[in-house]
Amino acid sequence: MEERNKQKVFIETYGCQMNFSDSEIVGSILSNDEYNLTTDINEADYILINTCAIRDNAEQRIRKRLKELKALQRKRSWLKIGVLGCMAERLKDQLMEEEDNVNLVVGPDAYRSLPAMLKEVESGVKAANVILSEEETYAEIDPVRLGSNGISAFISIMRGCENFCAYCVVPYTRGRERSRDPKTIVAEAKRLFENGYKEVTLLGQNVNSYKWTDDGDNVDFPELMKRVAEISPMLRVRYSTSHPKDLSDKLLEVMAAYDNICKCIHLPVQSGSSRMLKLMNRKYTVEWYMDRINAIRSYMPDCAITTDVIAGFCGETEEDHKQTLDLFGKVGYDYAFMFKYSMRPNTYAHKYLKDDVSEEEKTRRLEEIIALQGQLSLASYQKDVGKTFEVLIEGVSKRNKEQLFGRNSQNKVIVFDRGNHQPGEYVKVKVLKCTSATLIGELAE
Ligand code: SAH
Ligand code: SF4
Ligand code: F3S
């Protein structure tokens, strides 16, 4: 088919890094003889929104977006709208009933059926496929890199989650946990490096439980990290997310042994109260968590530690909340993602616990955590003033064309005068000052 006859697909992504990675897989599946991706929504024949269901406000945002798209559809009658991802999986056909402009609903494990489904939609019927799989990892699909800077890329190494934290919708929207063949992961990372990429982030909901067995070849997460890190010392390796319950010393040893494995661990704590952790089904206590923090510090004193926390989960008392503030103070996180508890239909908490902390109280607790973390972040960044870091340059600063920005191993953003340097290079930068979110420095060589 000639180029000009191809139908154009526009993909818009919400939610976590894994959803962004999935959109790149969708992009790859739909870049073929009949479809072209477009970054201009105004020339799209199909608009696919890859959605998130983690909190109610994430879903509300998508509902609002669907209303906006309806207006667009009124102007262009041929325009078709598809909902992909976690919200598609959670609401299934209900979504098409509630949102009359939605033509297509596709869950996270059904993306290979997209070309056939677009055909159905084209012929005028609505189409849905939300079947979850126990095997699908899209292993051999080479993702197109959407909105990429050509320097860093995400690689999905596993899918699904079966931890069933009491508050969380992910096990229901993403299905059983399964790991991807390590050969395909290493090959993808190699290909990226050969194409000029300098950083890969290995993605999974709980990367510590990565596991692959093949003819006596047992690959766990530390082993996989090693294999990716050994592609080249010039390729930085990051990962997200590790669950505290099984953050092993073996992983910390591997991280410490390779300079190109970045010294930053995202270790979501969720609460500083062991009583809450139990109710949340997190399978660790505060003592266990602190032991893991100490282990990180002893293997890698310069490692950044970041977290996720939920304020106002079912039954949380003022005392539980104080314990969370206490733990934040003790750990001294470099950065945190902080959320108000949002009840998700059909989770354990929805069925068996009471969402009994008032909205005002949730807000107040969240604000207290945010204020404390603001101080901790500032303290963390101030500690870096005077130090020199190796920085991977990612781009030109938006505020000042004469400046570049990049990240250090700890994942902190550093801005500095460009000299003769270009994005994609590694440079040494000395930190001169900071805000609570950015380091400001100068070239050290
Ligand atoms: N797999 C990761 C987290 C993925 S979801 C892990 O276990 O660490 C990202 C974050 O969203 C979670 O860490 C949690 O802090 C938050 N979250 C999940 N469900 C939530 C809910 N129902 N209400 C508020 N925050 C929630
Ligand atoms: Fe959700 Fe828990 Fe799985 Fe993370 S580990 S995705 S919070 S169920
Ligand atoms: Fe959202 Fe699904 Fe990710 S619910 S956070 S897009 S796994």
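Guide: Let's start with a working term: contact means heavy atoms within 4.5 Å. This is a predicted model, where local features need pLDDT of at least 70, side-chain atom pairs count only at pLDDT 80 or more, and totals for chains, interfaces and linings use all residues. Residues are numbered from 1 along each chain as its sequence is written, chains are lettered from A and ligands numbered from 1 in the order in which they are written, and side-chain values use heavy atoms, with hydrogens and water left out.

Visitor: Which domains does the chain have?

Guide: Domain bounds come from an automatic or database domain assignment. Here that gives domain 1 (8-129), domain 2 (148-262), domain 3 (267-282 + 295-383) and domain 4 (388-443).

Visitor: How many residues of domain 1 and domain 2 are in contact?

Guide: 14 residues of domain 1 touch 14 residues of domain 2. The centres of the two domains, taken over C-alpha atoms, are 27 Å apart.

Visitor: And what area is buried between domain 1 and domain 2?

Guide: An interface's size is often given as the accessible area lost when the parts come together. Buried area is what two parts lose on being put together, summed over both, with a 1.4 Å probe. For domain 1 and domain 2 that comes to about 1300 Å², with carbon and sulfur atoms giving 54%. On the domain 1 side, Gln17, Met18 and Asp109 lose the most area to domain 2, together 41% of what that side buries.

Visitor: Which residues surround ligand 3?

Guide: A residue is near a molecule if one of its heavy atoms lies within 4 Å of it. Around ligand 3 you'll find Cys16, Asn19, Cys52, Ala53, Ile54, Cys86, Val170, Arg174 and Gln205. Domain 1 and domain 2 each supply at least three residues of that shell.

Visitor: What surrounds ligand 2?

Guide: Its shell includes Cys161, Cys165, Cys168, His243 and Arg282. Val170 and Gln205 are also in the ligand 2 shell, and both turn up around ligand 3.

Visitor: Is threonine 201 buried or exposed?

Guide: Buried means under 20% relative accessible area, exposed over 50%, partly exposed in between (1.4 Å probe, protein chains only). Threonine 201 counts as buried because its relative accessibility is 9%. Leaving aside neighbours within four places in sequence, threonine 201 is in contact with Ala153, Phe154, Ile155, Arg238, Tyr239 and Ser240.

Visitor: Where is threonine 201 found?

Guide: Helices (H or I, at least four residues) and strands (E, at least two) are DSSP runs, numbered from the N terminus. Threonine 201 sits in strand E10 (residues 199-203).
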